[in-house]
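The following report examines a protein structure for a reader who is new to the subject. Please look over the sequence and the model before reading on.

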Amino acid sequence: MSNASTLERVSAKAAKSITSSEAFQNHLESLENAPKWLIDLKTEQWEQFSSLPMPTPKSEAWRFARTGNLSLDKYQLSSDLTPSEIEDAQKNSHLIESYSGKMVFANDQLVEKKEATASLSQAGLIWAPLAKAINEHGSLLRKFLLTFTPDLGSEKFQALHGALFSNGSFLYVPVGMEVTLPFVAYHEICGHGAAVFPHTLIIADAGAKVHLVDIFQSTGANTKNFACGMASIFAGAGAQVSYQAIQEWNLETLSFHLNSVSAERDADVQTVTVNLGSHQTRSEQHTCLSGPGSNVDNFSLSVPTGNQEVDQRTLQTHKAPSCRSNMLYKNALMDDSRTIFSGLIKVEESAQQTDAYQTNRNLLLNGSAEANSLPGLEILANDVKCSHGATTGELDKEQLYYLLARGITRKKAEELLVFGFFEEVFSHLENDELREHLNSWIGKKFHVDPPTGNPVTNS
Amino acid sequence: MSSLDIRNLEIHVEGKPIVKDFTLNVPKGEVHALMGPNGSGKSTLAKALAGHEDYQIVAGEASLNGQNILKMEVDEIARAGLFMAFQYPSEIPGVSIANFIRAALTARLADNEELDAARYYRRLYEKMDLLKIDRKFTARSVNEGFSGGEKKRCEILQMAMLQPHFAIMDETDSGLDIDALKIVSHGVNTMRGPDLGILLITHYQRLLDYIVPDKVHVMWDGRIVRSGGKELALELEEKGYDWVKEEVAVV
Ligand SMILES: Nc1ncnc2c1ncn2[C@@H]1O[C@H](COP(=O)(O)OP(=O)(O)O)[C@@H](O)[C@H]1O
Ligand SMILES: [Mg+2]
């Protein structure tokens, strides 16, 4: 990268913080052929952002969370990428090599795309960058875009996302189509001060079956960045959707991931969220069982080290009868890290025969780490099975003794127990390539060797 | 000296003496049975020898092939060649049997050595077949959701894989039905030989019909009160532990 281009980029960015209306105007102008409905939507979102207050330590929805570092004035929408940034982003994006389609975004700009096969596209599947899909599939997409936001305390950031998002992945799977290999989207942040607003929109039509993986990473280890992403899943009647989000932003990043799942009649959705990066991340998940017989599992694993904070807010809304939802959030905390889990199960009057579970398990690997838990239930129906529970503890002494008594060294024994703790979430990753990368990333965080691969049972 | 040698051992639990002036020598190649009623201190002895921190050894000596094991860490004792088949094995969620045993074997290798995965699985399956454990168990979490009998078989599987010099088997027969007892005994008998010494803890003589001991010791209130050949187990079975109790009272 030449000095001249660095200077130019810095001066171009320095002018407009993402909180300034100038930045918003520039963003609108930068959208090519944007339809009027999008401009209206974004303008409305910008107004909301501007009018909503910042969270304070007193905000109930931010209980236990750090609110001192949320100022957004130092972040800008990035202008053009340098060739080396594009190259870095592409190099970073090879974690899963068996896929149905792939997109790589660097600062919300598409830098690489692997199309879905012609036979899938001809049968009606759409795998497109959101910016393009807005123009080409506007009438379909509009019915879903930003219609279901989690609203769990980050409304201001949600609105900023709505105002400033420009790209992401759009996946539409037509009635009855089943796609086995995952679609993979990589979202990379490059350069100091860059803000990104990655958006993922999955629409699985009736009976469709699909799997998408989002991977969030930084190309540099030390750039200070802001990421505010949103992933919305709409599962039609009988659709099966599996979604995985791996959050590996660098440790200087402030991030928000504001996700929602809507499940229609008999739909089956499973999500797995893994939080490794960010100095502070806010993860919101709103799951709505909107059609009878639907089933949703939300799994999450967070492994904070240093003084990272992982702030998790969840809501399971049961609107229809005979649905099942299950939320399992596991956190393994090292050093002085902190986690917050605040979850609510809401069962509406009409949602009889509900099965709803919510579990938060925290493993404290260091005495000065801090795990906060706020589980909750609000049940208006009378025929329901609900449970919620939170546990916080250290490694089990008897289990550790058992491993030592087999001659395994203390360090290796602790590592086996920690990875054993993860397994309940890892077993749902459904992707061996991803699993291996996660093992090695987490191993590095703990300064340990990753465990050897899962056994193959060849009987 | 190839033996498990225990001399005048006194073990306290929560400050209370449980094992008192306990002396026993099990030479390599022999199987000794340690019998005694519930609460006599058999498991306390076993766990203390295997380095459990809840059991304080306040006096005496214990060595394995001449090496003092009282100064060793739990994992060092195991690597020195002492295997403990627990009466109540722990459940380890999320750690598969295959990974667990592999880690235990790897811990016994030198830094520059590596376990040959293919050979490892071949041996593992061979031992599982011997103990009639379904091969699918390799992927299951250690002891999690196992029946009592499955747990005991899994202990013996680990013993077969780790090939210790000495094994203490604590009530391996409890929780086993007669078929499982035969399978486990057969497994243990195939391991018997000049390179393995076994201390077989039980309070039923039934197990000793299948694993015939070289010597039998009777423990009462923290000590060995009687030692003899395998006939002693039959005598005990016939007369019950009260017989020993009366004898002790006389002494
Ligand atoms: N971890 C422990 N904490 C407290 N007491 C114990 C513990 N382990 C054993 N004891 C006590 O020591 C005595 C001997 O128990 P144990 O060694 O289990 O006997 P056995 O195995 O012969 O049945 C019992 O009175 C028991 O209650
Ligand atoms: Mg016992």
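Is A:Asn107 buried or exposed? A:Asn107 is buried, with a relative accessible area of 7%; here buried means under 20% relative accessible area, exposed over 50%, and partly exposed in between, with a 1.4 Å probe and protein chains only.

**Basis of the model**

This is a predicted model, in which local features need pLDDT of at least 70, side-chain atom pairs count only at pLDDT 80 or more, and totals for chains, interfaces and linings use all residues. Residues are numbered from 1 along each chain as its sequence is written, chains are lettered from A and ligands numbered from 1 in the order in which they are written, and side-chain values use heavy atoms, with hydrogens and water left out. The model scores ipTM 0.96 and pTM 0.88. For chain B the mean pLDDT is 94, and 98% of its residues reach 70 or more; pLDDT is the predictor's confidence in each residue, from 0 to 100.

**Two asparagines with positive phi**

Most residues other than glycine have a negative phi. A:Asn107 has a positive phi of about 45° although it is not a glycine. Its place is the loop between strand S2 (101-106) and strand S3 of chain A; helices (H or I, at least four residues) and strands (E, at least two) are DSSP runs, numbered from the N terminus. In chain B, B:Asn65 has a positive phi of about 50° and is found in the loop between strand S4 (55-64) and strand S5 (67-68). At 26% relative accessibility, B:Asn65 counts as partly exposed.

**The magnesium ion**

Which protein atoms are donors of the magnesium ion (ligand 2)? They are OG of B:Ser43 and OE1 of B:Gln87, lying 2.1 to 2.3 Å from the ion. The pair links distant parts of the chain, 44 residues apart: B:Ser43 is in helix H1 (residues 42-49) of chain B, and B:Gln87 is in the loop between strand S6 (82-85) and strand S7 (92-96) of chain B. B:Ser43 is partly exposed, with a relative accessible area of 25%, whereas B:Gln87 counts as buried at 15% relative accessibility. Donors are N, O and S atoms within 2.8 Å of the metal (3.2 Å for Na, K and Ca); water is not among the atoms, so sites may look incomplete.

Helix H10 (residues 410-426) of chain A has 17 residues and reaches 23 Å from its first C-alpha to its last. This is close to the 24 Å expected at 1.5 Å a residue, the expected span being 1.5 Å times one less than the number of residues. Of the 17 residues of H10(A), 12 are buried, so the helix is largely enclosed by the rest of the structure. Among the buried residues are A:Ala413, A:Leu416 and A:Phe426. A:Phe421 also lies in this helix and counts as buried at 14% relative accessibility. The C-alpha atoms of A:Phe421 and A:Phe299, 122 residues apart along the chain, are separated by 13 Å.

The largest pocket has a volume of about 920 Å³. Of the 40 residues that line this pocket, the closest to its centre are A:Phe419, A:Gly420, A:Phe421, A:Glu423 and B:Gly94. H10(A) gives the most to the lining, with 8 residues.

**Pockets and cavities by class of lining**

On a 1 Å grid over the protein atoms alone, a cavity is a set of points where a 1.4 Å probe fits but cannot get out, and a pocket is an open set with protein on both sides within 12 Å along at least five of seven lines; lining residues have an atom within 4 Å of a point. Grid points are joined across faces, edges and corners, and a volume is the space filled by probe spheres set on the points. Ala, Val, Leu, Ile, Met, Phe, Trp, Tyr, Cys and Pro count as nonpolar, Asp, Glu, Lys and Arg as charged, and the others, Gly among them, as polar.

| Space | Volume | Lining residues by class |
|---|---|---|
| Largest pocket | about 920 Å³ | 12 nonpolar, 16 polar, 12 charged |
| Second largest pocket | about 760 Å³ | 14 nonpolar, 11 polar, 6 charged |
| Largest cavity | about 50 Å³ | 2 nonpolar, 6 polar, no charged |
| Second largest cavity | about 40 Å³ | 8 nonpolar, no polar, no charged |

The residues lining the second largest cavity include A:Ala405, B:Ala50 and B:Val74.
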